[in-house]
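Let's take a walk through the salt bridges of this model. Have the sequence and the coordinates open as you read.

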Amino acid sequence: MDATLYVIPGSHPSRTTAAMLDRKGIAYKRVDLLPVVSKGVLRAVGFPGITVPALKIDGRRVQGSREIGRELDRLVPEPALYPSDPDARTAVERAEQWGDESLQSVARRVLWNALRRDRSPLVSYSEGAKLGIPIGIAVKTAAPIVALSAHFNDATDENVRADLAALPGMLQRIDDWIAAGVLGGPELNAADLQIGTSLCLLMTLQDLRPAIASRPAGELAMRVDPDYPGDAPPILPPAWLAGLRAQQAAPAQ
Ligand SMILES: N[C@@H](CCC(=O)N[C@@H](CS)C(=O)NCC(=O)O)C(=O)O
């Protein structure tokens with residue numbers, strides 16, 4: 001199979017897709033793109049949309065982590081990313097959809113808001129990336145990219161405060177899915193890979209890591225992508241983290 005995966009270094013759905021390809025044993029070439037610049041490059045190479053992950057596989061173009069998951073199961077059925085039992089499949093697809101549509105954006109907004117406050121951790125997210133220019137230069141000139149990414153992703157203070165207030169409930173939902181066997185089973189499924197990488201991205205922030213790492217959701221994340229790049233020292237206003245810390249101090253029974 002001839003496969004090329006277009007990613008942005010540190011992008012969580014890109015890591016989801018890379019994990020899917022690895023699980024299927026499909027070798028691929030990875031093309032690393034800078035945020036924002038990525039939109040034009042994807043159009044130039046013939047993708048209809050402007051987001052990563054984008055996969056060219058045997059001449060076909062597939063874009064979006066969920067679409068790619070389904071296409072990979074069609075091309076290489078085993079090991080399956082979605083259960084064959086219809087009820088189990090519906091539950092996994094619902095969790096995956098929530099991961100894509102809700103948790104993914106929360107992780108993206110929190111990260112860009114934090115990097116807008118302090119760009120110095122950016123280099124850690126590009127570990128091992130081949131961006132076509134030295135990483136140091138890419139990071140030094142990243143101010144407009146960070147500002148634009150925060151803007152495109154609506155990473156406003158107001159939104160991120162609301163995201164962090166909602167995060168304890170989101171983590172509880174993930175723990176509940178793990179307890180119900182929808183997530184975290186013996187074989188990782190598409191929803192595990194979708195949700196796990198968003199958790200990994202959130203856990204790159206030292207502000208959030210302890211509250212996530214100490215619970216089943218955090219254990220799942222470490223199973224999904226233990227080598228996730230990025231490490232940001234405390235950056236966010238402590239008052240925004242109060243709900244998360246209160247939940248960590250008094251976990252649900
Ligand atoms: N929900 C989609 C969204 C993908 C998405 O928004 N990707 C971001 C990176 S995480 C992107 O390409 N952003 C464009 C940019 O940063 O310029 C998926 O799972 O494929």
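There are 16 salt bridges in the structure, each being a side-chain nitrogen of Lys or Arg within 4 Å of a carboxyl oxygen of Asp or Glu. Bear in mind that this is a predicted model, where local features need pLDDT of at least 70, side-chain atom pairs count only at pLDDT 80 or more, and totals for chains, interfaces and linings use all residues. Residues are numbered from 1 along each chain as its sequence is written, and side-chain values use heavy atoms, leaving out hydrogens and water.

Start with D225 and R15, whose closest N and O atoms sit 2.8 Å apart in a salt bridge. The two are 210 residues apart: D225 is in the loop between α11 (216-224) and α12 (242-249), while R15 belongs to helix α1 (residues 12-24). Helices here are DSSP runs of H or I, at least four residues, numbered from the N terminus. D225 is buried at 9% relative accessibility, and R15 is partly exposed at 24% (buried is under 20% relative accessible area, exposed over 50%, partly exposed in between, with a 1.4 Å probe and protein chains only).

Next, look at R70 and E93, which form a salt bridge at 3.5 Å, N to O. Here helix α3 (residues 65-75) supplies R70 and helix α4 (residues 86-117) supplies E93, 23 residues apart. This pair also takes part in a network of salt bridges linking R70, R89, E93 and E96.

Finally, D157 pairs with R117 in a salt bridge, at 3.0 Å between the closest N and O atoms. D157 is in helix α8 (residues 157-180) and R117 in helix α4, so the bridge ties together parts 40 residues apart in sequence.
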